[in-house]
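Please look over the sequence and the structure first.

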Amino acid sequence: MGASCSKFTVCWWSAHLESSVLETSHLENDGRKVDSLPPFTEFSLDQLRAATSGFAVENIVSEHGEKAPNVVYRGVLENDRKIAVKRFRKSAWPDSRQFLDEARSVGLLRNERLANLLGCCCEGDERLLVAEFMPYETLAKHLFHWDTQPMKWAMRLRVALFLSQALDYCSSKGRALYHDLNAYRVLFDQDGNPRLSCFGLMKNSRDGKSYSTNLAFTPPEFLRTGRVTPESVIYSFGTLLLDILSGKHIPPSHALDLIRGKNFLMLMDSSLEGHFSNEDRTELVRLGSRCLQYEPRERPNAKSLVTSLTSLQKEREVPSYILMGISHETASSTNEPVSLTPLGEACSRMDLTSIHEMLENLGYKDDEGIANELSFQMWTNQMQETLNFKKHGDAAFRAKDFGTAIDCYTKFIECGTMVSPTVIARRCLSYLMSDMPQEALADAMQAQVVSPEWPTAFYLQAAALFRLGMENDAQVTLEDGTALEAKKNRRN
């Protein structure tokens with residue numbers, strides 16, 4: 001990145017100030033992760049055998065291990081892309097043409113709410129599907145078998161929304177049927193975001209089953225007709241809402257009895273006590289009840305579920321990996337690591353206390369050389385008042401009274417008699433401390449406009465981008481700041 005401006009220009013700034021974690025990408029081909037996916041590929045059996053170390057038992061990731069009728073393996077392609085490989089039993093998909101047609105059709109879908117299908121293999125009796133690999137296991141694991149902490153309420157609401165968005169996207173692309181939707185079909189990517197497995201979008205094979213779970217969880221119309229309909233998928237989504245609410249796999253009939261008896265506390269996960277409002281709980285229960293209506297026509301569609309669940313979201317700007325309490329890997333982490341300065345390191349960790357201490361210690365020495373051409377009249381009439389705003393802002397910043405600091409620094413900036421990138425940086429951190437990351441990002445960008453080669457402006461941009469869930473962009477900006485600092489040090 002050159003001295004003039006980073007890729008986060010003022011145009012980007014004005015166009016994206018209203019974005020949030022939840023709004024980054026729920027249409028197809030609108031996110032970096034989707035755009036970077038290769039086109040659907042027909043792999044050879046040798047390629048997939050090599051990728052999975054000969055279909056080694058230790059690479060099995062499916063829930064029942066090698067005893068499952070269809071086994072899923074983790075693997076790595078020659079280009080280092082991590083994949084999940086589903087290997088069907090020999091009797092599945094006897095018609096190779098049907099298998100290829102189905103796989104190619106599902107492989108056209110590209111969306112950040114899906115664990116997308118990357119390819120397939122059809123050699124002899126072998127039938128394999130290749131999808132994106134999701135490193136952080138299944139919703140079933142995080143709801144039913146968690147190790148250190150139960151899933152937070154805000155994250156449960158996000159899971160429900162993202163799944164409804166996945167189903168809405170699939171419906172919009174003519175793939176409304178999803179076979180055996182359950183908590184094992186929901187996977188978590190490297191950013192901690194939930195994704196719907198693409199494997200359930202494949203039509204039924206000759207000896208497969210649309211519902212592998214207990215009949216108690218099967219849509220009533222499927223029991224009558226043996227056919228999956230779009231409304232059946234919504235019923236299964238309702239059972240997932242019950243899982244999310246309760247942290248257990250409760251049969252719908254039992255849950256509906258509790259709901260009709262207004263016995264909501266028996267339905268709710270006890271570990272969530274005190275972490276949700278009665279209104280939110282009631283609304284999610286109502287949505288689940290609607291999805292579980294006996295008559296298919298009385299169930300909502302995916303689009304209306306998206307609308308209802310969007311309004312329930314909490315902690316919208318907190319990245320999913322933070323809500324999930326998991327370590328975070330980004331695409332940049334697979335590259336050669338960048339040696340960060342202490343300020344860059346603090347921004348990468350979102351350690352706001354350390355950032356505050358470093359900015360306080362830095363003082364205003366980085367403002368040296370910033371032109372402030374003032375007439376004598378401006379000096380006599382306005383300078384003292386302007387300096388007082390800055391003085392009061394500095395005192396509030398030092399005392400960690402960030403609301404007052406924002407007010408005083410804003411008055412200083414609006415006077416327009418002096419330009420100080422340090423004041424802008426301090427207001428930026430004050431915004432971050434006040435949980436206002438969009439305003440913080442705007443200030444960090446403005447600091448860069450004022451002082452294009454100032455590493456601190458890049459570091460603070462990165463902190464704001466991390467806070468907004470834009471991890472890849474944040475990593476790039478961190479690297480740019482580090483490169484500028486190294487360049488500055490060489491000059492000195």
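The model is predicted, so local features need pLDDT of at least 70 and side-chain atom pairs count only at pLDDT 80 or more, while totals for chains, interfaces and linings use all residues. Residues are numbered from 1 along each chain as its sequence is written, and side-chain values use heavy atoms, with hydrogens and water left out.

K86 belongs to strand β3, residues 82-87 (strands are DSSP runs of E with at least two residues, helices runs of H or I with at least four, numbered from the N terminus). K86 is buried (under 20% relative accessible area, with a 1.4 Å probe and protein chains only). K86 has no salt bridge (a side-chain nitrogen of Lys or Arg within 4 Å of a carboxyl oxygen of Asp or Glu). The nearest side chain of opposite charge, D180, lies 8.7 Å away.

Strands β4, β8 and β7 form, in that order, an open sheet with mixed pairing (two strands pair if DSSP finds at least two bridges between them). Its edge strands pair on one side only. Strands β7 and β8 run antiparallel and are joined by three bridges; L187 stands opposite R195 in β8.

| Strand | Residues |
|---|---|
| β4 | 114-115 |
| β7 | 186-188 |
| β8 | 194-197 |

There are zero disulfides (pairs of cysteine sulfur atoms within 2.5 Å). C428 is in no disulfide, and the nearest cysteine sulfur, that of C347, is 8.4 Å away. C428 is buried, at 0% relative accessible area. C408 also counts as buried, because its relative accessibility is 13%.

Technical notes
Buried < 20%, exposed > 50% of the residue type's maximum accessible area, 1.4 Å probe, protein only. Lys, Arg positive; Asp, Glu negative; His and termini not counted.
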